[in-house]
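This report examines selected features of one protein chain.

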Amino acid sequence: MPTYSAELPRRATVRPFAVWKTGLLAAGGWLAFALYSSEAPNAIRDWPYTRELANLSLTVAALLALIALLPGPVVRLADRLRPAGPWLLALPLLLGLWQLATAKLGLLPVPFFAPPQALLEVYAEDWPRLAESLLHSFWLLANGVLLGSAGGFVAGVSIGWSQRIGYWLHPVLRILGPVPSTALLPICFFIFPSSWGASVFLIALATWFPVTVLTWSGVASVDRAYYDVARTLGASERFLIFRVAIPAALPHVFVGLFMGLGASFSVLVVAEMMGVKAGLGWYLQWAQGWAAYANMYAALLVMALLCSGLITALFLIRDRVLSWQKGAVKW
């Protein structure tokens, strides 16, 4: 036993061959991309921020090399980055192909297609407007998704639990559910006093439908034996709803939340293009109007990162809330 505990720290700091090999290969790829960006001639003109892009790639290459070679606590960081190893190898190759087709050979027409350094220029020089648009979109999305999720959760539990409530809500669900939220834009802009309120309602409506349907399905599919056992032990109606039905339906609820979050993003962009005076959708429309396609691509990348970050956060919340069902949830 003492021998095992003495060897354990030494084993934890041993770096597998595959870890440092993948790290060094990725570092070499980023180094090659940096040299290619700075030294290879451009076909049309010298793009701004080419040198900055090369320096950023050199920094990434140096960090990957250090993570691959340094011992001690850095081993844990290398282990966490191991699943991303193939992507760390592929990204410099993809960026190199992108730059080859745009800046180096000019195969794709300008200004419709911009090289990577053009996006870097947008982030460096237009970041105040882009950051303001991001904050507006996040606040609008948060209000709509929270309202839609809360309403969908209550409606789904009510339909799944009470046949009387389901009798009245089923027709509403069947009528409003298949209708795209964006089709209601003219009506919402007429009813609501501001375009912001109309946009929040449309996002909430897009989130409400999948959350309602999946919550309803989760509550309705709970095994009746659970209710019988709880009633035998003297459980009240309130206890059956909050301690039996809702916990058992939570995996379905999170599926609805994921679906609602994806639907809300498409509605967000359309709503901001139509009436809201700020946000990523507004920024996209502004960039298209001025033929600033690099700004458009930069906003699309920010939007993709925002969506990915929110989905990752929702996964973390799900794992936390459903920790008692670990092993039963496979997605």
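## Basis of the report

Two residues are said to be in contact when heavy atoms lie within 4.5 Å. The model discussed here is predicted.

## Packing of two helices

Helix α6 covers residues 116-125, and helix α14 covers residues 293-321. Their axes are 9 Å apart and form an angle of about 75°. Angles of 65 to 115 degrees count as roughly perpendicular, and α6 and α14 are therefore described in this way.

On the α6 side, the residues that meet α14 are Ala 118, Leu 119, Val 122 and Tyr 123. Their partners in α14 are Ala 294, Asn 295, Tyr 297, Ala 298, Leu 301 and Val 302.

Leu 108 belongs to the loop that runs between α5 (85-104) and α6. Because its relative accessible area is 31%, Leu 108 is classed as partly exposed, a term for values between the limits of 20% for buried and 50% for exposed.

Leaving aside residues up to four places away in sequence, Gly 281 touches Ser 137, Val 269, Glu 272, Met 273 and Met 303. The C-alpha atom of Gly 281 is separated by 27 Å from that of Leu 91, and the two residues are 190 residues apart along the chain.

Conventions:
Residues are numbered from 1 along each chain as its sequence is written. This is a predicted model: local features need pLDDT of at least 70, side-chain atom pairs count only at pLDDT 80 or more; totals for chains, interfaces and linings use all residues. Side-chain values use heavy atoms; hydrogens and water are left out. Helices (H or I, at least four residues) and strands (E, at least two) are DSSP runs, numbered from the N terminus. Buried means under 20% relative accessible area, exposed over 50%, partly exposed in between (1.4 Å probe, protein chains only). Axes are lines fitted to C-alpha atoms, for helices over the stretch in contact, and angles run from 0 to 180 degrees between N-to-C directions. Angles under 35 degrees count as roughly parallel, over 145 as roughly antiparallel, 65 to 115 as roughly perpendicular and the rest as oblique.
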